[in-house]
Each structure stands twice: as structure tokens, then as C-alpha cells.
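Please read them with the structure open.

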Amino acid sequence: MTAMNTASLRSRLIRRLIPLHAVLLVAFVVLLIATLWASGCVYRRDDGRGIDVLRDAVARSTDGTLFLRETPALKELRGDTRSLWFVIHDKSGRSLSEGEVPPEFARLGGGDVDGDRSWDRARDDSRHISGQMKVVETAAGPVQIIVTSEIRISDAQSLLQITLAFFGLMLPGFALMALTTLVATPLVVRNALAGLDEAAHQAGEIDIDKRGARLPVGAVPTEIAPLVTAVNDALGRLDEGYERHRRFLADAAHELRTPIAILTTRLEGLPQSAEKARLIEDVSRLATLTEQLLDLQRLEQRLAQSSAIDLAGLCAQVIADLAPLAIAAGYEISLQHEGARIDVWGDRGALERAVVNLVQNAIQHGGHRGAIVVAVSAPATVEVRDQGPGIPASERERIFEPFHRLQPRHRGAGLGLNLVREIIHLHRGEVSVTERSGHGACFRISLPPIALPALAVG
């Protein structure tokens, strides 16, 4: 059996989005550099290379004419520059030019070569051309050089420039993309799944006592909506099945009451005998089982009539009602309560039934000796203690299940303790069983208390 993959959706998205963003970023940078390469933009730089090359190449013939010596640098310059143009002036007015010199730059030259008139760059944005002018000292004397500034750099420099541009664009972009993914993805996922979180929260609140609950569909993502709808449909079917089951038990219990009453009447008319006593006892247990089934069905309706209840007074009434039965079975029975009044909110009849069932359970299983103590303590706890054999630790949870009995051949129905648990749970309380120090069982009911001042309202 393979282990379940419990990775969160957030971490899955981050692990997938960061590499995807990185690939897209690299592809974008490569495409950008390829476009710049093809257009020649990466190769061009205004670095004064043209003026330096021409300065080293210019010379003067014996008749005073300017000419260019074919230096390796000049050959490389001509090979690197697709539209090379320049014009060279000396102070005597002679000039030397090559290429198509833009008129705008041709008019700028021919000035005072001995002066300090020079500029590094000039542009004519209307025609997207640029150039450089400078007066320099050469082998032919001082000359004025005007040359295009769009000079291509060497291959090694081109490679270095491309590499720097690549990493200069990719690394910061990748870091920014990763940071954005790490920060934005959880926020986007959380906002997108907010409806699902709400649905999960409401699903956790669903209980058998809160039938009719449905999960919200409108706020969940479209992809998950079919699952939520299917869960709602399943909840609807469960509600229908529970309602059919509840009606069946209620109807069956009601139908049993009439024949049980008739049977009891007929048995009471028989002559006194040991067999009659056993039959009456059996019918009594059957009547008790029927009433317990009806009690399970009436609990929710009875809780609608809730009120404030004096817990100690309720337990005192139960002891008064059951004292003859307990004494006849060989027990001493008493109430322990010290301190202020303890009030709880609920249905008095249902809570009284729960305490009665616990006391009857102690009478039935307490070994017919010793004492049965009902103790009431703060904040709102009732304990029913006996001195019988106790309950094994392995059975302390199962005894609250319906129809479960410690002794399979015992004649009880096994619904009394289950009814106690249902009553206490409907009152938002807890019921548990522990072993008393020494011997015997201790059933503890814990209920939410209410403050006395609140009872005076209304």
C-alpha cells in the first residue's frame, strides 16, 4: 500500500511555477538578444574608436595632400562598419572623406583646426544618425575628424557584452520572478481556495444532531464545485435515510406499547404464582425497552423546552424516587452536595432520565451491597458511584454503544447507557466512566454551567 502524498497545493504550485517562469525568462532573454544581434544594436557603441583609428592612419603626401595609410585597424574598421563615413579637414582647407557623409555633419566641419572646437557626439534624430568630431594631432599635423559614431565592436567584446547583457537581464529577472512566485502564489492560492476553506470548516461542524446542513457551493472554485455538490447530495441522502430510520423506530415503539399494555393487563388477571411474577418481570423489561426507544426519538423535541435546572435538586428528586428500589436491593443510597447552587440549561425530564438510568445501572450491577452515592460538584458535575465489581478498562467506551452488555446473557436491553450518552451530548456535555479507588464504578456527567444572574432575566 503506497503512502498518501500529503504535499500541499501551495507547495506543488510553487515547485511547478518557478521552473516554468525560469524557462520563460531564459527564452525571453535569448529572444531579446537574438533580436538585438540581428538588428545590429548589440554591436554598436559610441566609444571613439573611429577617431583613434583615423588619427593613426592619416598621413600627408609630399605635395601636401591628405591620405590614409592602409593600417590593419583601418581595414578592421571598414569591415566592421556597414555604413562607414568620415571627413578629415586640415588647417589649410584640404579634406579627405569616405562614404556618404550626411549633409548635416558635412556643414559642421572645416572650421578652425587650431581651435579647441570638438564634440564627442552629435545626433540627428529625424534621420537616426549620429557622429563624432574632434581635433587631434596626427602625422599630418592637427586635423579635424568627423566620423560616424556607429562603430561595431570586436567579436570578443561582442561576446562579453552579450554575456553581460544575458546575465544582467536573466539573473535579476529570475530572482524577481522567484520572489514574486514565492510571495504571490500562496496569496493567490489562498484567495482562490478561500471558499473551499469555508466549506471544509462547515463540513467539520456537521453532526448527526445538525441535520439539513449543506456545504456552500457558490464560493468554491469551479473545478471543485462538482465534488462539493456530490457531498451535498450524499448529505441529503443520509438525512433522508436517518429520517426514515427515526420514523421506523418511533412507529415501532408506539405500536409495541398497545400490545404490551394488553399483555400486562392479562397477566395481572392470572392467579399468583412464580411463573406469573417472571412473566410480569419480562413484560416490564419489554415496556422499559419500548420507553427507551421512544425517549431516543423524543430527545430533540424535548430540548426545545429547555430551562434553567437546579442540578442538586434534580438529583435529590431522583434519589427520593429510587430509594425504595435501592434499599430493597440491599444498598444504602445518599446525595453528596456542598456549596452554592449549581444550575445548568436543558430539559429537566431528559436530564432526570439520564441520572435515573445511571442509578438503576448501579442498582443492577453494584453487587447488591455497599453504598450508592450521587455527588454533585462545581462547575456542573454529577457522579454516580457504587461499590460493585467495576467495569474493565477495555469496556469503558463500548458500554455506551446501543445494545452492548457486559454480560451477553444478561436480561437488560443495553440501551440505558446509550440513552444517557445521547441526552448528555444533546446538552453539550460529556459522560465517562472510571474506576473508584479500591473498587466499584464511577460514572461522571459534565455539563456546561450557567451563571445565576442570567437566570433572573425574563
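1. Two strands count as paired here if DSSP finds at least two bridges between them. By that criterion β14 and β16 pair, in the antiparallel sense and over five bridges. One of the positions to look at is T381, which stands opposite S446 in β16. Keep in mind that this is a predicted model.

2. The pairing above belongs to an open sheet of five strands, in the order β11-β13-β14-β16-β15 and with mixed pairing. At the edges stand β11 (332-337) and β15 (430-435); each has a single partner strand, so one side of each is left without a neighbour in the sheet. From one strand to the next, the twist averages 15°.

3. How do the strands of a sheet pair in general? They do so through backbone hydrogen bonds, and the arrangement is either parallel or antiparallel. In this sheet, β11 and strand β13 (residues 371-377) run parallel and are joined by six bridges. L335 stands opposite V374 in β13.

4. On the β14 side, β13 is joined by five bridges, and these two strands run antiparallel. V374 stands opposite V384 in β14.

5. Is strand β14 (residues 381-385) buried or exposed? Five of its five residues are buried, so the strand is largely enclosed by the rest of the structure. The cut-off for buried is under 20% relative accessible area.

6. Which residues of β14 lie on which side? T381, E383 and R385 are on one side, V382 and V384 are on the other, and all are buried, so that both faces of the strand are covered. As a general point, side chains in a regular strand alternate between the two faces of the sheet.

7. Helix α11 (residues 416-426) packs on the sheet, where it touches β15 and β16 (441-446). The direction of helix α11 makes about 135° with that of β15.

8. A separate item concerns the surface. L179, L182, V183 and L187 form a nonpolar patch there, and together they have about 350 Å² of accessible area. L182 is found in helix α5 (residues 155-192). With a relative accessible area of 45%, L182 is partly exposed.

Note on methods
Residues numbered from 1 in each chain as written. Predicted model: local features only at pLDDT ≥ 70, side-chain atom pairs only at ≥ 80, totals over all residues. Heavy atoms only, no water. Patch = residues over 30% accessible without salt bridge, like charges linked within 9 Å, V, L, I, M, F, W, Y side chains within 5 Å. Areas by Shrake-Rupley, 256 points an atom, 1.4 Å probe, with all protein chains shown as cover. Salt bridge = Lys/Arg side-chain N within 4 Å of Asp/Glu carboxyl O. Helix = DSSP H or I, 4+ residues; strand = E, 2+ residues; numbered from the N terminus. Buried < 20%, exposed > 50% of the residue type's maximum accessible area, 1.4 Å probe, protein only. Axes fitted to C-alpha atoms, helices over the stretch in contact; angles between N-to-C directions. Contact = heavy atoms within 4.5 Å.
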